Amino acid sequence: MQHLITTKDFTNDEIKALYEDAKLFNDLQSNLVLKGKLIVTLFFENSTRTRSSFEIAAKRLGADVVNLDVGTSSSSKGETIFDTVANLNAMKPDAIVIRHSECGLPQSLIDFVDCPILNAGDGKNSHPTQALLDLYTILEHFDGDVKGKKLAIVGDIKTSRVASSNLELLPRFGIEPILIAPEHFMPDNTPFKKEQFLHQVIEEVDIIMSLRTQLERHSQAYYLSLGEYGKDYCITKESVGDRNILLLHPGPVNRNIDITDEMLVDARCKVLRQVTNGVAVRMAILKKLILKH
Ligand code: NCD
């Protein structure tokens with residue numbers, strides 16, 4: 001049984017094959033390869049894009065989707081998450097998609113199920129489907145020629161599961177990360193190049209990935225306001241100049257703090273392309289894990 005808990009669960013060859021499928025799904029039109037299959041989603045943390053992306057991906061493939069409303073589920077009656085999942089598993093779903101604030105939780109559910117578990121984000125740990133759709137968007141943009149491309153990851157890298165999954169995955173395809181963050185947002189013990197400000201490296205950067213400040217995961221306030229942070233880290237027309245970069249963000253974007261309004265509508269910004277690609281990539285992932293090919 002194959003699960004998707006971190007990007008390490010797929011080899012590079014598996015990812016390349018996955019992307020061939022995603023290309024076939026690129027127009028997001030219906031295709032009934034998962035007709036008769038049932039997918040359960042369990043989101044214990046807020047989500048707009050990831051949850052709807054999984055649901056649309058499943059439905060586009062003809063699967064039925066049950067979204068468990070965790071607010072009204074038995075977790076609020078004291079049932080452990082392991083019992084909740086074992087009970088759902090007893091109803092014979094074909095896959096379970098889960099997001100939870102606890103790092104490592106999706107991995108610990110594996111022994112309680114007979115179907116693939118798809119990690120839709122566990123705390124600051126991992127967000128494998130986001131990294132897979134980011135890499136897909138980068139490969140699409142550069143027509144597959146990504147070896148040696150430099151990616152500036154800007155913002156709260158330390159508490160971002162998007163950053164940690166991308167930092168595992170992208171170097172496997174030859175992309176070189178440069179971490180741009182104030183010291184308190186910089187991960188400890190990183191093998192990657194670090195700089196404090198984007199302007200120090202902008203001339204060598206091909207891709208910028210801006211990240212949201214993960215206020216909900218901080219135990220202390222680092223800035224008086226997000227605006228203070230944005231003064232140094234917001235991606236603006238001035239900060240990128242004429243450089244031919246690809247600008248990405250996993251969403252939700254804090255406008256004029258992460259990226260300016262002006263840059264969000266700049267042709268170099270592919271944030272909405274990431275969202276479209278996210279559905280195609282999740283279609284391919286669901287097909288791979290449920291049909292096992
Ligand atoms: C991210 C997440 O939830 O990890 N969003 C997403 O899935 N598209 C990033 C974030 O919340 O900042």
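This is a predicted model: local features need pLDDT of at least 70, side-chain atom pairs count only at pLDDT 80 or more; totals for chains, interfaces and linings use all residues.
Local features need pLDDT of at least 70 and side-chain atom pairs count only at pLDDT 80 or more, while totals for chains, interfaces and linings use all residues. Residues are numbered from 1 along each chain as its sequence is written, and side-chain values use heavy atoms, with hydrogens and water left out.

**View 1. The largest pocket and its lining.** About 510 Å³ of space lies in this pocket. A pocket is an open set of points on a 1 Å grid over the protein atoms alone, where a 1.4 Å probe fits, with protein on both sides within 12 Å along at least five of seven lines. Grid points are joined across faces, edges and corners, and the volume is the space filled by probe spheres set on the points. The lining has 27 residues; a lining residue has an atom within 4 Å of a point. Arg99, Arg161, Arg212, Gly251 and Pro252 lie nearest the centre of the largest pocket.

**View 2. Helices and domains around the largest pocket.** At least two lining residues come from each of α2 (49-60), α5 (128-141), α6 (161-169) and α10 (271-291). Helices (H or I, at least four residues) and strands (E, at least two) are DSSP runs, numbered from the N terminus. Helix α10 supplies the largest share, four residues. By class, the lining holds six nonpolar, 13 polar and eight charged residues. Here Ala, Val, Leu, Ile, Met, Phe, Trp, Tyr, Cys and Pro count as nonpolar, Asp, Glu, Lys and Arg as charged, and the others, Gly among them, as polar. Domain 1 (7-127 + 275-292) and domain 2 (129-270) each give at least three residues to the lining of the largest pocket. The domain bounds come from an automatic or database domain assignment.

**View 3. The cis peptide bond at Gly251 and Pro252.** A cis peptide bond joins these two residues, with omega about -5°. Pro252 sits in the loop between β9 (246-248) and α9 (261-264). Gly251 and Pro252 are also among the residues nearest the centre of the largest pocket.

**View 4. The second largest pocket.** Its volume is about 280 Å³. Lining residues include Lys16, Tyr19, Glu20, Lys23 and Asn26. Tyr136, Leu139, Glu140, Asp143, Gly144, Val146 and Phe173 also line this pocket. Two or more of the lining residues come from each of α1 (12-24) and α5. Helix α1 gives the most, with four residues. The lining divides into five nonpolar, two polar and five charged residues. The second largest pocket lies between domain 1 (7-127 + 275-292) and domain 2 (129-270), because both give residues to its lining.

**View 5. Asp143 and Lys292, two residues with positive phi.** Asp143 has phi near 55°, although it is not a glycine. Asp143 lies in the loop between α5 and β5 (150-154). Asp143 is exposed, with a relative accessible area of 73%; exposed means over 50%, buried under 20% and partly exposed in between (1.4 Å probe, protein chains only). Asp143 is one of the residues that line the second largest pocket. Lys292, also not a glycine, has a phi of about 60°. Lys292 belongs to the segment after α10. Its relative accessible area is 62%, so Lys292 is exposed.

**View 6. His3 in the segment before α1.** His3 is buried, at 10% relative accessible area. A polar atom of its side chain lies 2.9 Å from the backbone nitrogen of Ile117. Beyond neighbours within four places in sequence, His3 is in contact with Asp9, Phe10, Ile110, Val113, Cys115, Pro116, Ile117 and Leu289. Contact means heavy atoms within 4.5 Å.

**View 7. Ala57 in helix α2.** Ala57 is buried, with a relative accessible area of 0%. Ala57 and Val279 are 222 residues apart in sequence, yet their C-alpha atoms are 5.2 Å apart in space. Not counting residues up to four places away in sequence, Ala57 touches Val279, Arg282, Met283 and Leu286.

**View 8. Ile175 in the loop between α6 and β6 (176-180).** Ile175 is buried, with a relative accessible area of 2%. Leaving out residues up to four places away in sequence, Ile175 touches Leu135, Ile138, Val146, Lys149, Leu151, Leu170 and Ile207. Of these, Val146 also lines the second largest pocket. The C-alpha atoms of Ile175 and Thr6 are separated by 18 Å, with the two residues 169 apart along the chain.

Technical notes: A polar contact is a pair of N or O atoms within 3.5 Å; within protein, one must be able to donate a hydrogen and the other to accept it, and residues adjacent in sequence count only if both atoms are side-chain atoms.
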